[in-house]
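Please open the structure in a viewer and keep the selection panel at hand.

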Amino acid sequence: MYCFVQRGFRAAVMAVALLGLVAGAPLSAHENHDELGAGPGPAVEVANVPPIEKASEADAHTNMAVANGEAMDQHAQAAERSKTFGERLMSWLGRLHSLVVHFPIAMFVGALGVELFGLWRGKRDYGQATHVMLIVGAVGAVAAALLGWFAGGFYMTDRNSVLMVHRWLGTAIAVAGLLLLYLSATARRAPEKPRTVYWALLGGMTVAIAIQGYIGGSFMHGGMSHMAF
């Protein structure tokens with residue numbers, strides 16, 4: 001079962017890589033890179049639109065906002081029409097990131113809960129269920145990290161420090177998930193050995209996922225104070 005999942009995961013990664021090579025699109029195809037603050041360069045500035053003269057100052061500000069909004073909509077539509085197939089594919093893959101992230105969150109946190117329940121009961125019979133959850137979690141974490149790179153662009157650094165932490169913490173979670181899966185498989189083959197590293201990594205993974213989820217939510221819900229009471 002494990003070998004089958006491992007082969008399937010490798011095939012999926014190779015398929016995505018081949019799609020990227022065939023498409024030949026630039027690596028920064030996602031349309032919201034500048035809004036996110038991705039990459040080391042400056043943000044693209046939107047051209048100023050002159051206000052429409054009206055009788056009152058309030059009307060002038062209102063019309064200015066409307067004109068700016070229309071100009072931005074026209075710019076976005078023009079950019080969308082000019083995209084190549086490869087750019088559309090990269091953008092679409094990036095939008096899948098927010099869908100896939102739920103799998104590793106649920107599986108890793110659930111695996112910790114199952115392990116703690118087994119520890120409380122004094123049994124290790126729940127190891128099979130935990131191992132399956134870690135398989136799904138590790139594959140999901142790698143997929144989420146890869147799609148996150150499509151969403152944020154393939155940059156090593158970002159001018160937005162929050163995005164940069166989110167980018168590399170997500171990548172570290174994916175790597176740690178694979179290591180955690182390996183430790184779980186090793187523990188199943190030698191159940192008599194202590195699992196100190198396994199427990200430390202599983203606990204650390206849960207904390208890292210909580211931090212990562214909080215940071216990710218800041219991009220969707222208005223900044224780092226989105227959880228304020």
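In what kind of crossing does α8 pass α9? The crossing of α8 past α9 is left-handed; a crossing has that hand if the near helix is turned anticlockwise from the far one by less than a right angle, and is right-handed if clockwise.

This is a predicted model, in which local features need pLDDT of at least 70 and side-chain atom pairs count only at pLDDT 80 or more, while totals for chains, interfaces and linings use all residues. Residues are numbered from 1 along each chain as its sequence is written, and side-chain values use heavy atoms, with hydrogens and water left out.

**First selection: α8 and α9**

Select residues 161-189 for helix α8 and residues 196-220 for helix α9. Helices (H or I, at least four residues) are DSSP runs, numbered from the N terminus. The two pack at an angle of about 150 degrees, and their axes are 9 Å apart. Helix α8 is therefore roughly antiparallel to α9. Axes are lines fitted to C-alpha atoms, for helices over the stretch in contact, and angles run from 0 to 180 degrees between N-to-C directions; those over 145 degrees count as roughly antiparallel, those under 35 as roughly parallel, those from 65 to 115 as roughly perpendicular and the rest as oblique. The contact of α8 with α9 has 19 nonpolar, seven polar and no charged residues. Here Ala, Val, Leu, Ile, Met, Phe, Trp, Tyr, Cys and Pro count as nonpolar, Asp, Glu, Lys and Arg as charged, and the others, Gly among them, as polar.

Next, show α4 against α7: the angle is about 125 degrees and the axes are 7 Å apart. That makes α4 oblique to α7. The crossing of α4 past α7 is left-handed.

Which helix holds Phe 117 and Trp 120? Both lie in α6, three residues apart, and are therefore separated by about one helical turn.

Turn to the lining of the largest pocket, to which α9 gives the most, with eight residues. By class, this lining divides into 17 nonpolar, 17 polar and three charged residues.
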